[in-house]
Structures are given as C-alpha cells and as structure tokens.
Amino acid sequence: MQLTGYALRMSIFIGEDDVWRHKPLHREIVRRARDAGLAGATVLRGCEGYGIHAMIHTTRLLSMSEDLPILILIVDREDKIRAFLPELDELIGDGAVLLDEVEVMTAHRTPRP
C-alpha cells in the first residue's frame with residue numbers, strides 16, 4: 001500500500017548509546033515499527049546536539065564526545081502511529097517523541113526515452 005495524503009510523522013529523539021537488551025535501541029524501534037506494519041522508518045545520526053541534561057554531544061575531534069543524537073522518523077496513518085506509541089513507552093527512558101501532521105506526496109520518475 002502506498003501512503004499518500006495526510007499522515008502523522010513521529011520523530012523519536014534518543015542517544016546513540018541507548019540500548020535495549022544489549023543492542024542499539026534504534027534498531028529495536030525500527031524492527032518493531034516494521035513488525036507493526038508501519039509505512040516506513042528512517043534513522044539519522046546527528047553530528048551535534050543536547051537534550052534534557054543539557055550536555056552537548058558532538059563529533060568535533062577535541063571534545064571526543066560519544067552518545068551522539070539519533071533521530072528516528074516514522075510516517076503512517078494517525079491511527080497506526082498512535083497504536084505504536086505503547087511500544088515506545090516500554091523502550092524509551094531518556095528521549096523525546098514528537099508527532100506532527102504531514103502531507104505525503106510521492107514522486108514518480110518519467111522513464112527516459
């Protein structure tokens with residue numbers, strides 16, 4: 001099924017060092033999103049940021065910081081996104097989840113002659 005029209009985007013902010021049962025937390029979230037049949041998920045690794053504890057995490061060489069920001073984006077129909085939220089309650093300790101309405105449009109390439 002191709003998702004078009006209005007949908008909900010879930011943005012999940014966690015740290016690179018966050019784990020679930022000794023594995024990276026972002027991998028578990030993506031696996032559960034796929035298992036839940038959500039339309040798609042993307043994981044982005046940030047180069048700098050800070051969160052609730054106001055400690056700056058960066059890739060700058062002199063700081064040697066680890067635990068860089070991770071952003072997981074998931075888009076689907078509102079009912080499916082909201083049904084997935086209890087999964088995140090189980091997984092996320094420190095982090096944030098944002099929900100916002102988006103319009104999904106797909107681009108199709110026209111074959112070249």
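Figure 1. The model is predicted: local features need a pLDDT of at least 70 and side-chain atom pairs count only at pLDDT 80 or more, whereas totals for chains, interfaces and linings use all residues. Residues are numbered from 1 along each chain as its sequence is written, and side-chain values use heavy atoms, with hydrogens and water left out. Of the 113 residues, 28% count as buried (buried, under 20% relative accessible area; exposed, over 50%; partly exposed, in between; 1.4 Å probe, protein chains only). The mean pLDDT of the protein chain is 86, and 83% of the residues score at least 70; pLDDT is the predictor's confidence in each residue, on a scale from 0 to 100.

**Figure 2. Order of the secondary structure elements.** The protein chain contains 2 helices and 8 strands, taken as DSSP runs numbered from the N terminus (helices, H or I, at least four residues; strands, E, at least two). Read from the N terminus, the order of elements is β-β-β-α-β-β-β-β-α-β. Helix H1 (residues 25-35) has the highest mean pLDDT among the elements (97), and strand S6 (residues 57-58) the lowest (66). Where contacts (heavy atoms within 4.5 Å) join residues at least 6 apart in sequence, 75% of them link residues at least 24 apart.

Figure 3. Four strands form an open sheet in the order S4-S7-S1-S8, with antiparallel pairing; two strands pair if DSSP finds at least two bridges between them. Strand S4 (40-45) and S8 are the edge strands, each with a single partner strand, so one side of each lacks a neighbour in the sheet. On average, neighbouring strands of this sheet are turned by 20° against each other, direction ignored. H1 packs on the sheet and touches S1, S4 and S7, its direction making about 5° with that of S7. Helix H2 (residues 78-91) also packs on the sheet, where it touches S1, S7 and S8, and its direction makes about 20° with that of S1. Axes are lines fitted to C-alpha atoms, for helices over the stretch in contact, and angles run from 0 to 180 degrees between N-to-C directions.

**Figure 4. Strand S1 between its two partner strands.** Strand S1 (residues 5-15) pairs with strand S8 (residues 96-104) in the antiparallel sense over 9 bridges. Within this pairing, Ile12 stands opposite Val97 in S8. S1 is also joined by 8 bridges to strand S7 (residues 69-76), again in an antiparallel arrangement. Here the bridge partner of Ser11 is Leu73 in S7, and Leu71 in S7 stands opposite Phe13.

**Figure 5. Surroundings of Phe13.** Phe13 lies in strand S1 and counts as partly exposed, with a relative accessibility of 36%. Residues up to four places away in sequence aside, Phe13 touches Ile70, Leu71, Gly95, Ala96 and Leu98. Phe13 and Ile70 are 57 residues apart along the chain, yet their C-alpha atoms are separated by 5.8 Å.

Figure 6. Leu25, His26, Glu28, Ile29, Arg32 and Ala33 are buried in H1. Viewed down the axis of H1, the buried residues fall within an arc of 160°, so they line one face of the helix; the arc is that of the directions from the helix axis to the C-beta atoms. An α-helix has 3.6 residues a turn, so residues three or four places apart point the same way. The cover over the buried residues of H1 includes S1, S2, S3, S4, S7 and H2. Arg27 and Arg34 are exposed on the other side of the helix H1. Gly37 follows H1 and has a positive phi near 80°.

Figure 7. Arg21 is located in the loop between strand S2 (19-20) and strand S3 (23-24). Although Arg21 is not a glycine, its phi is positive, about 50°. Most residues other than glycine have a negative phi. His22 is found in the loop between S2 and S3 and, as a residue other than glycine, has a positive phi near 70°. Arg21 counts as exposed at 64% relative accessibility, and His22 counts as exposed at 81%.
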